[in-house]
Amino acid sequence: MSFPPQFLDELRTRLPVSEVVGRRVTLQRRGREFIGLCPFHSDSKPSMNVVDDKNFYHCFACGAHGDIIKFVMENEGLAFPEAVEKLADMAGLEVPKETPAERERSKQRNTLHDVLEHACNWFEQKLAGPGGAEALDYLRGRGLSAKTIGHFRLGWAPDSRTAMTQSMKAEGIDEALLIEAGLLRKPEGGGDAYDYFRGRIIFPITDRRGRVIAFGGRILGDGQPKYLNSPDTPVFHKGRVLYGLAQAREAARKSEEIIVAEGYMDVIALAQGGFEQAVAPLGTALTEDQIAELWKLANEPIVCFDGDTAGMRAASRAADRALPMLKPGHSLRFVTLPQGQDPDDLISQHGSKAMRDVLDGAVPLSDFIWRQELAAQPVTTPERIADFQTRMRARIREIGERTVQEGYADMVENRIREMRRAGRAESGGFRRGDRRGGFNSSYKTASFAHGHRSTIPAVMANRQQQIVLAALINHPGLIDELGEAVGALSFADPFLDKLRQQIIEIALDDPGLDSDGLISHLTRLGLSDACKGLLSGDTLGHAAFARRNASLDQARAGLTELLARIGKSHLEAQLADAERAVAEEFSEASWNRLASLRSALASLNSSSALEETDMSRS
């Protein structure tokens, strides 16, 4: 009985050799490999090596060698079909029955590999030819060397509907086969087929053996979509494939590290920068199949997505998908790149050492999900803290493997106890501001543990600082919502900074004040002229949202956006510093600082555009 080659490949992919051999042999890890006593001869010392990422076992004493199918056949005395059926049951796969039609499809898949390889050569030739000059200039402008371009076999698809079609047909390749390979597309309403990739830089996508199975294309210019992948075909399913895997395998094995970047150019930039152990998903969130593939190369792959909102969302989805799959010794780690930067930016601007430093600071999945839930909303009231704890415990229940789940539960409960101790240390309970549903009172001095401050650069116009204070005076209800962020700033003008602190102190001491009440307090402190100046046309003429007649929603949107402009980057820098401090040594002081900074930053993350505001005139 024969089986479709694609099914056998799937079987080998699903079941690591160490898992199959480990059911019969006690294995010990040695770096990326395993060793154990060979079951095929009288072995007195471990002489069998198991190498998962290459899918084989080998005994250096007796020469026994093979894959999971051969091991089961020889170890259990089974015939080939019986061994395959047993392994399929272990992997949860249904054994297909090969029919004449399936044999034909298998032959077609081999033919598709030939067609795709031929297309890859054609794209490479077009990049090197006169028509590829603009694309080549773009790649060189991105800092790619000729060696890197050749290593990844980058190409160019001319901006023509028929260039590839005509070339392939001239060499005797049937149109139906080109459509099956994802190289041509047939209009749904009828008409002639046209080239799928047009006017795009081509990134060949290979399987783990290096065979071309698909392509990705990046458009030159402003067209959409910016990136386009081949459609799924009999040899390509994008949720199972990692870009750059064939090139990364050897480097990953040697370094015992695999880096998961966000896209093609990230992988290529990392490889050229000395990090050849980099791969990327194909325009989708990291899938369960891709995580399983990564674990064959390293126990704790490093997720290194861009430092923007989309990158953070993708990292969060990867964490969500990894949690139920966790098993002893296998997890993910995460790094956060500087805001707005990708690996290419970081390496080109600061060098490979800066990238290495970022990777060395990767945090474990356990810390990442803790921070995820902390960032969901400020934990500034008993109710919010209880909600945070409930969410964390629910996340842990997603873990399927019992011992890993217990380890996570122990960690979370220990941290929750630390939170409670820290809360009790604050005057026997929550801070005064927290009990009133407001912000952390420690912000009235605009300082954190260890003396860290977030200072607006001296070049920041006083007008922006005046507008912040005017908005708070006219809409003191916003102090409760945005006081964390305001308190985290330190204005360059000493008088304005003192006034900022006094406004916050008044709000703490007398919550619920309206605008007139706040002005009355400030007047009693001898600040009547200051209030008049802040509320004059000179200030409010530049910020309609800060005027008294603006709605609370308008004021909130405008002030949030302005605070994000003048202080968010400093808060983020302080937050990164605080996260490192907590990771290095968890203490009440470091935890309080981290929680305060997260609360401050969280109050800015819902920022929207300024309404009726023209800051450029200030």
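Buried, in what follows, means under 20% relative accessible area. On that criterion, 51% of the 618 residues in the protein chain are buried. This is a predicted model, so please read everything with that in mind.

The protein chain has 27 helices and 18 strands. Taking contacts in the protein chain with a separation of 6 or more, 69% are between residues 24 or more positions apart.

Now the cores. In soluble globular proteins, nonpolar side chains tend to be buried together. Here the largest nonpolar core has 65 residues. Which residues have the most contacts inside it? They are Phe-123, Leu-154, Leu-183, Ile-205, Phe-215, Tyr-243 and Met-355. Helix H5, residues 100–128, supplies the largest share of this core, with 8 residues. As an example, take Leu-183: leaving out residues up to four places away in sequence, its contacts include Val-115, Leu-116, Ala-119, Phe-123 and Phe-215. Apart from this core lies another, of 42 residues, with Ile-291, Ala-319, Tyr-408 and Ile-416 among them.

Last, the helix pair. Two packed helices are described by the angle between their axes and the distance between the axes. For H1, residues 5–14, and H4, residues 80–91, the axes come within 10 Å and cross at roughly 50°. That makes H1 oblique to H4. The crossing is left-handed. On the H1 side, the residues in contact are Phe-7, Leu-8, Leu-11 and Arg-14; on the H4 side, Phe-80, Val-84, Leu-87, Ala-88 and Ala-91. By class, this contact has 8 nonpolar residues, no polar ones and 1 charged.

That's it from me.

Methods. Residues numbered from 1 in each chain as written. Predicted model: local features only at pLDDT ≥ 70, side-chain atom pairs only at ≥ 80, totals over all residues. Heavy atoms only, no water. Axes fitted to C-alpha atoms, helices over the stretch in contact; angles between N-to-C directions. Helix = DSSP H or I, 4+ residues; strand = E, 2+ residues; numbered from the N terminus. Parallel < 35°, antiparallel > 145°, perpendicular 65-115°, else oblique. Left-handed = near helix turned anticlockwise from the far one by under 90°. Contact = heavy atoms within 4.5 Å. Nonpolar A, V, L, I, M, F, W, Y, C, P; charged D, E, K, R; others polar. Core = buried A, V, L, I, M, F, W, Y, C linked by side-chain atoms within 4.5 Å. Buried < 20%, exposed > 50% of the residue type's maximum accessible area, 1.4 Å probe, protein only.
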